[in-house]
Amino acid sequence: MAEPSSEDTFYWRHEFAIRRLHSLSGLIPLGAYMVVHLATNASLLNSVETFQRAVYAIHSFGMALPLIEWGFIFLPLLFHGFVGVWIAVNGRSNTSNYPYINNRRYTWQRWTGLIALVFLLVHVFHLHGWFHFHVWLDLVAHPLGMANFKPYNAASTLARAMGSWPWRIFYLIGVLACVYHLANGLWTAGITWGLWISAAAQERATKICTVFGVLLAFVGVAAWWGAIVTDPVKAETIENRMYPAAVEAGAVPLSVEKRTQPDPTVEAPADPDDAAEELEKPEDPEEPKTP
């Protein structure tokens, strides 16, 4: 009986569809999300208020937010990342025999993809802890110094998480790797989907993708720099002033877990409409005792 070959595996039987799904997931939703994410973080250079309002807009989805994150970010990222690792491990580079620029770009694409995957997994753990279960956070994430980001204290917690140079260098390398992987991936996706096949079309696409990559790298470095130069103490003062107003306006739901230091009223009042009033309500003076 003949031994099953590698081409009898699920991947090789469905290689055409898997590669196209891999290409598509890298652009939509992951590529689109990365552009929005870097632009949002770069808004920190404008002001803490601008950045915090953008984060409030994201978290205004409330209980639907985890579904959006898993459906449009985390699951596509895991699929794209692990299929990419499979392609990188099983692919063959021929740059030694054919040292052309396109062959080198293929090698760089694989390496930046691996760097980007490691960076994103660590990034999510560093800021968000991967999971939001209290047992996981208390026993795993927090003891390891992870899960540092609080959405309702966005700028201050981000600045504190980026407070040491090892983390700053790690983030700069990771962001630039992601930018190159997306920009060059846009070029390769055009070939995969038959958008530019001729040499002239590929040359035009190269120019377009290069300009896109340079601009996105500028935005990414701006986001990185914004986190470094932000004063966390001043930022937290601004965030603590914005939070009651945001809750009162209905911009975000009341949440203790998303705050660095919970407000004096830890538990939400029975009537959600009174949440903001409770947050700012001073303690009642002690009534004089009857003699």
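This report covers confidence, core, surface patch and salt bridges in a predicted model.

**Basis and confidence**

In this predicted model, local features need pLDDT of at least 70, side-chain atom pairs count only at pLDDT 80 or more, and totals for chains, interfaces and linings use all residues. Residues are numbered from 1 along each chain as its sequence is written, and side-chain values use heavy atoms, with hydrogens and water left out.

pLDDT is the predictor's confidence in each residue, from 0 to 100. The protein chain has a mean pLDDT of 85. Of its residues, 83% reach 70 or more. Over residues 264-272, pLDDT stays under 50. For that stretch the model has 9 contacts beyond four places in sequence. A contact means heavy atoms within 4.5 Å.

**Nonpolar core**

A nonpolar core is a set of buried Ala, Val, Leu, Ile, Met, Phe, Trp, Tyr and Cys residues joined through side-chain atoms within 4.5 Å. Buried means under 20% relative accessible area, exposed over 50%, and partly exposed in between (1.4 Å probe, protein chains only).

The largest nonpolar core has 34 residues. M34, F51, Y56, L158 and V179 touch the most other members. At least two core residues come from each of α3 (30-42), α4 (48-59), α6 (101-128), α8 (154-161), α9 (165-192), α10 (199-229) and α11 (232-248). Helix α11 supplies the largest share, 6 residues. Helices (H or I, at least four residues) and strands (E, at least two) are DSSP runs, numbered from the N terminus.

Y56 touches Y152, E239, M242, Y243, A246, A251 and V252, not counting residues up to four places away in sequence.

N41 sits in helix α3. Its relative accessibility is 16%, so N41 counts as buried. Leaving aside neighbours within four places in sequence, N41 is in contact with F51 and A223.

**Surface patch**

A nonpolar patch on the surface is formed by W70, L75, L78, F82, L121, W130, F131 and F133. Together they have about 770 Å² of accessible area. Areas come from the Shrake-Rupley method with a 1.4 Å probe; for residues, only the protein chains shown count as cover. Patches are made of residues with over 30% relative accessible area and no salt bridge, with like charges joined within 9 Å and nonpolar side chains (Val, Leu, Ile, Met, Phe, Trp, Tyr) within 5 Å.

Helix α5 (residues 65-90) gives the most to the patch, with 4 residues. F133 lies in the loop between α6 and α7 (134-141). F133 is exposed, because its relative accessible area is 58%.

**Salt bridges**

The structure holds 3 salt bridges. A salt bridge is a side-chain nitrogen of Lys or Arg within 4 Å of a carboxyl oxygen of Asp or Glu.

| Pair | Closest N to O |
|---|---|
| R19 and E15 | 3.0 Å |
| E49 and R241 | 3.5 Å |

R19 and E15 both lie in helix α2 (residues 15-27). They are 4 residues apart, about one turn of the helix. R19 is partly exposed at 33% relative accessible area. E15 is partly exposed at 24%.

E49 forms a salt bridge with R241. This pair links distant parts of the chain, with E49 in helix α4 and R241 in helix α11, 192 residues apart. E49 is partly exposed at 22% relative accessibility, whereas R241 is exposed at 52%.

R160 counts as partly exposed at 41% relative accessibility. E236 is buried, with a relative accessible area of 12%.
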